[in-house]
Amino acid sequence: YLIAGRPVGGFMMNQYVIGCTKTREAAIVDAGGDPDMFLSFCDKENLTITKLLQTHGHVDHVAMLAETKAATGAEVYFHPLAEPVAARAPSRGAMFGFRVTQPPEADKHLADKGTVTVGALEFKVWHTPGHAPGHVCFVDDRNHKVFGGDLLFKGSVGRTDLPGCDPSLMGSSLSKLFTLDDSTTVYAGHMEPTTIGAERRSNPFLDVFGVVR
């Protein structure tokens, strides 16, 4: 199991590489940054990127998706409800003063309670709307890891005041995560990783959204 990540772009969005050390297959979670640094890392680790897994379609998460697909030939995975959001990324980028190439459409659609594999690694797909339409988390409960996009952060949660957000759905989406074991590491879309246990104990926003600790 190999996980590497770093903040990319003006919004400091965490982009991750997941690698299977058995098969050397890899996936990128949220292709928001220049693919060159991630390709270089994968070359050094003898990993082949075959999947581009998108937690949602906000501009900071898809800003370099077109370039990454072109560089890797990897298949793009989106929830269907996230695709219209991603399609608006060029105009959203222009609002913030940067250029975004039109993101490609999904090669494969993600569905709640589905699965995706990265070599021998298997992730459950959980549909977790609230922060964005079609937001998903990639959950490896056997190895106590989750790639949570912008649902849960260290000491915080994703915004619900952006276009397309739905605060009424945030509580149930967060509650899904808190069915996981306390030892589960959450690799979030912003800030450093955290654990379910740490957030259960101290995250003040869980009460705002009625999440049972």
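**Close-up 1. Lysine 176 is partly exposed in this predicted model, and its side chain takes part in a salt bridge.** In the salt bridge between lysine 176 and aspartate 112, the closest N and O atoms are 3.7 Å apart. Lysine 176 belongs to helix α6 (residues 167-177), whereas aspartate 112 sits in the loop between β6 (108-109) and β7 (115-118), so the pair ties together parts that are 64 residues apart in sequence. Side chains of opposite charge can pair when their charged atoms come close. A search of the whole structure finds nine salt bridges, and two others are shown in the next views.

**Close-up 2. Lysine 124 and aspartate 141 form a salt bridge.** Here the closest N and O atoms are 2.8 Å apart. Lysine 124 is part of strand β8 (residues 121-127), while aspartate 141 is found in the loop between β9 (136-140) and β10 (145-149), so this pair ties together parts that are 17 residues apart in sequence. Lysine 124 counts as partly exposed, with 34% relative accessibility, and aspartate 141 also counts as partly exposed, with 31%.

**Close-up 3. Arginine 200 and aspartate 182 meet through their side chains in a salt bridge.** The distance from N to O in this salt bridge is 2.7 Å. Because arginine 200 lies in helix α7 (residues 196-202) and aspartate 182 in the loop between α6 and β13 (185-188), the pair ties together parts that are 18 residues apart in sequence. Arginine 200 has a relative accessible area of 16% and is buried, whereas aspartate 182, at 36% relative accessibility, counts as partly exposed.

**Close-up 4. Phe11, Met95 and Phe96 make a nonpolar surface patch.** The area of this patch is about 320 Å². One of its members, phenylalanine 11, is located in the loop between β1 (2-8) and β2 (13-19), and phenylalanine 11 is partly exposed, with a relative accessible area of 35%.

**Close-up 5. Aspartate 30 has a positive phi although it is a residue other than glycine.** The phi of aspartate 30 is near 65°, and the residue is placed in the loop between β3 (25-29) and α1 (35-44). With a relative accessibility of 2%, aspartate 30 counts as buried.

**Close-up 6. Lysine 113, also a residue other than glycine, has a positive phi.** The phi of lysine 113 is near 75°, and this lysine is found in the loop between β6 and β7. Lysine 113 is exposed, with a relative accessible area of 74%.

**Close-up 7. The buried residues of helix α3 line one face of the helix.** Within α3 (residues 65-72), the buried residues are Leu65, Ala66 and Thr68. When the helix is seen down its axis, these buried residues fall within an arc of 165°, so they line one face of α3. The elements against which the buried residues of α3 pack are β3, α1, β4 (48-53), α2 (59-62) and β5 (75-78). Just after α3 comes glycine 73, which takes a positive phi of about 70°.

How values were computed
Residues numbered from 1 in each chain as written. Predicted model: local features only at pLDDT ≥ 70, side-chain atom pairs only at ≥ 80, totals over all residues. Heavy atoms only, no water. Salt bridge = Lys/Arg side-chain N within 4 Å of Asp/Glu carboxyl O. Helix = DSSP H or I, 4+ residues; strand = E, 2+ residues; numbered from the N terminus. Buried < 20%, exposed > 50% of the residue type's maximum accessible area, 1.4 Å probe, protein only. Patch = residues over 30% accessible without salt bridge, like charges linked within 9 Å, V, L, I, M, F, W, Y side chains within 5 Å. Areas by Shrake-Rupley, 256 points an atom, 1.4 Å probe, with all protein chains shown as cover. Arc of directions from axis to C-beta. Contact = heavy atoms within 4.5 Å.
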